[in-house]
Amino acid sequence: MNPSQRARIRAGDPATFGQLFSDHAQEVYRYVVRSTGNWSAAEDIVSLTFLEAWRLRGKLRPDGDSVRPWLLGIAVNVLRNNRRAARRHAAALVRLPPAEAMPDFADELVNRMRDSEQLAAATAALDRLRPAEREVFTLCVWSGLDYAQTAEALGVPVGTVRSRLSRARAKLRELTAEPGRPAPGPGSGQAHLGRTDTARSNQEHKR
């Protein structure tokens with residue numbers, strides 16, 4: 001993105017901001033879906049992300065290449081706030097009287113798509129990571145940001161991104177190892193989570 005486009009976004013030009021949404025909404029959506037495992041909730045998070053981007057447009061740097069790190073960094077913060085709100089909501093529900101039993105609709109879920117099951121498995125594995133490690137992994141591996149872009153998105157040093165990603169990969173190798181078999185080595189892929197050797201080579205190439 002050239003400086004004039006960044007300047008128009010910072011100035012609040014509706015047409016330029018609309019183009020920003022058209023260019024990047026799907027990418028933000030994919031990132032949020034993979035982070036939450038929830039398609040419908042992801043739509044709300046994307047809307048909140050771009051509303052927040054509009055509110056914070058004046059903080060966009062006047063120079064630079066892609067605005068992806070800026071947008072995905074906003075999405076990370078929206079997800080953090082959403083998780084905190086969900087925990088508060090869950091705690092409030094615990095204090096309510098028991099609700100009436102609802103009909104069992106389990107039979108309607110039998111034909112769920114396979115990718116839904118894979119996404120759920122991936123999300124369950126990612127939930128075992130620390131939040132900081134999960135954020136780095138999803139930005140680097142799933143959204144394809146390099147170390148510097150991820151550092152920009154999260155507001156942390158590049159060295160911190162490297163160490164968090166290394167810890168995340170090690171933990172995910174253990175979590176996704178098949179029962180009865182040793183955990184995959186450093187060059188192995190991860191079940192449902194994408195090929196880490198490919199992600200690693202991409203990162204090394206972008207150093």
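Within the protein, 64% of the contacts with a separation of 6 or more are accounted for by residues 24 or more positions apart. This is a predicted model, and the protein it describes has nine helices and zero strands. Of the 207 residues of the protein, 36% count as buried, and the count of cavities of 30 Å³ or more comes to one.

**Fold and surface**

- Read from the N terminus on, the elements of the protein follow the order α-α-α-α-α-α-α-α-α, in keeping with the tally of nine helices and zero strands.
- The protein exposes about 12,300 Å², and 53% of that area is supplied by carbon and sulfur atoms.

**The cavity**

- The largest cavity holds about 40 Å³ of space, and the elements that give two or more residues to its lining are helix H2 (14-36), helix H4 (68-94) and helix H6 (131-142).
- Tyr31, Ser35, Val76, Leu79, Arg83, Arg134, Glu135 and Thr138 line the largest cavity.
- Sorted by class, the lining of the largest cavity comprises three nonpolar, two polar and three charged residues, with Tyr counted among the nonpolar types.
- The charged residues in this lining include Arg83, Arg134 and Glu135, while Ser35 and Thr138 belong to its polar part.
- As background to such an analysis, rolling a probe the size of a water molecule over the atoms shows where empty space is left.

Key
Residues numbered from 1 in each chain as written. Predicted model: local features only at pLDDT ≥ 70, side-chain atom pairs only at ≥ 80, totals over all residues. Heavy atoms only, no water. 1 Å grid on protein atoms, 1.4 Å probe; cavity = no way out; pocket = protein on both sides within 12 Å on 5 of 7 lines; lining within 4 Å. Points joined across faces, edges and corners; volume = space filled by probe spheres on them. Helix = DSSP H or I, 4+ residues; strand = E, 2+ residues; numbered from the N terminus. Buried < 20%, exposed > 50% of the residue type's maximum accessible area, 1.4 Å probe, protein only. Contact = heavy atoms within 4.5 Å. Areas by Shrake-Rupley, 256 points an atom, 1.4 Å probe, with all protein chains shown as cover.
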